[in-house]
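This report covers a sheet and a ligand site, taken in that order. The sequence and structure come before the text.

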Amino acid sequence: MRGIQIKEYVKSPDELRVTDLPDPIPTDDQYLIAIHASATNFFDLLQIAGKYQHQPPLPWIAGSEFAGTVLAVPRGARAPRFQVGDRVLGASQGGYATKIAAREEVLRPVPAGWSFAEAAGLFVTAPTSYGALVTRAGVKPGDYVLVHAAAGGVGLAAVQIAKAFGATVIATAGTGRKLDVARAFGADHVIDYADAAWPDKVKKLTPQGRGVDIVFDPVGLIDRSTKCIRWNGRLLVIGFAAGAIEKVAMNKVLLKNISIVGLHWGAYSINEPEMIPVVWEGLFKLIDEGKLRGTVFTDQEFVGLESVPAALKSLGSRGTWGKVVVKVPQQEGLSKI
Ligand SMILES: NC(=O)c1ccc[n+]([C@@H]2O[C@H](COP(=O)([O-])OP(=O)(O)OC[C@H]3O[C@@H](n4cnc5c(N)ncnc54)[C@H](OP(=O)(O)O)[C@@H]3O)[C@@H](O)[C@H]2O)c1
């Protein structure tokens with residue numbers, strides 16, 4: 001197969017090289033999959049630089065999220081969920097390659113009518129946003145939901161999920177293009193959060209200026225968002241894309257009777273695995289109803305594993321929206337099957 005192997009950490013994605021590598025050898029509980037699209041995540045950038053919380057022993061293959069077709073089912077499985085030829089999406093170490101071995105628990109079927117590119121970006125972002133808004137914050141019809149960085153990967157999923165549950169969505173982002181994207185995916189109101197007055201603007205959009213019911217924050221804007229949240233509101237801590245880990249004065253939490261609620265989707269497999277199928281069932285219901293669609297960044301196309309460095313650099317430059325996905329051409333994936 002072909003893939004991007006990390007033998008030593010790199011300072012820039014430009015140093016990544018695609019090489020011929022031995023095919024992965026699946027263990028008894030793993031499928032072998034031909035990858036047709038790989039999605040990028042910010043943690044891929046951290047991992048190739050040796051700065052991520054999970055660093056496998058060198059050498060290892062970069063990348064995580066992918067979509068492709070099953071080449072072989074697990075040898076030890078009596079009733080495998082997927083069969084040879086099935087279209088699957090998932091995430092496992094080694095997504096920047098033409099083949100990957102992965103266990104059933106990290107695979108889901110590609111939704112009917114979805115391309116591999118659309119499906120490749122679903123595994124991490126969609127359940128994060130659903131788990132936060134639905135499981136943790138209990139979003140319901142009539143709620144006002146503020147989604148920060150609404151054109152980002154988790155942001156665009158959050159906009160769609162909040163809308164699907166009957167909420168009014170106020171979206172923030174940092175450029176006009178990103179605000180247009182948020183609106184195109186269903187946001188009712190959009191605000192450029194480069195304007196320091198954004199909390200006031202948010203409040204004015206809510207009935208009687210009462211503030212929003214839920215804040216979805218992948219950026220690090222919890223403290224400022226306490227200015228535009230209502231009594232009993234919930235602030236969802238999703239991430240720190242701006243870089244700093246915030247400190248919040250707790251008197252604000254008391255005075256406004258609000259909750260600050262964390263969500264660590266990756267840790268559900270250890271701490272609350274029974275919730276994972278519940279979240280995916282909910283997501284597939286929204287997909288079947290046409291309420292959740294893929295969010296592939298289409299302003300620029302990335303084709304072939306050789307374009308992974310460019311895709312990662314675009315992601316890191318904050319110039320993209322949705323999921324930045326690299327198409328892995330079939331002949332590349334099938335050349336050595
Ligand atoms: N809690 C969990 O389980 C979980 C799961 C997945 C992801 N996350 C976290 O959620 C965050 C967002 O993930 P994502 O996949 O949506 O990322 P993304 O697609 O790269 O989007 C991040 C957005 O953050 C905004 N941003 C604000 N300040 C920024 C800065 N200084 N540098 C870069 N971006 C900045 C950008 O939007 P504007 O340009 O519009 O400001 C950007 O579009 C990350 O921190 C990620 O680690 C958490």
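## Strand pairing

Three bridges join strand 9 (residues 144-147) to strand 12 (residues 212-217), and the two run in the parallel sense. Across this pairing, Val147 of the model, which is predicted, stands opposite Phe216 in strand 12. In general, the strands of a sheet pair through backbone hydrogen bonds, in either a parallel or an antiparallel manner.

Six strands make up an open sheet with parallel pairing, in the order 11-10-9-12-13-14. Strand 11 (189-192) and strand 14 (259-262) are its edge strands, each pairing on one side only. From one strand to the next, the twist averages 20 degrees.

## The ligand site

The ligand is surrounded by 28 residues, of which Gly152, Gly153, Gly174, Gly239 and Ala241 are the closest. By class, this shell holds 15 nonpolar, eleven polar and two charged residues.

Helix 3 (122-136) supplies at least two residues of the shell, and helix 4 (153-164) also supplies at least two.

Key
Residues are numbered from 1 along each chain as its sequence is written. This is a predicted model: local features need pLDDT of at least 70, side-chain atom pairs count only at pLDDT 80 or more; totals for chains, interfaces and linings use all residues. A residue is near a molecule or strand if its C-beta atom, placed from the backbone, lies within 6 Å of it. Helices (H or I, at least four residues) and strands (E, at least two) are DSSP runs, numbered from the N terminus. Ala, Val, Leu, Ile, Met, Phe, Trp, Tyr, Cys and Pro count as nonpolar, Asp, Glu, Lys and Arg as charged, and the others, Gly among them, as polar. Two strands pair if DSSP finds at least two bridges between them. Axes are lines fitted to C-alpha atoms, for helices over the stretch in contact, and angles run from 0 to 180 degrees between N-to-C directions.
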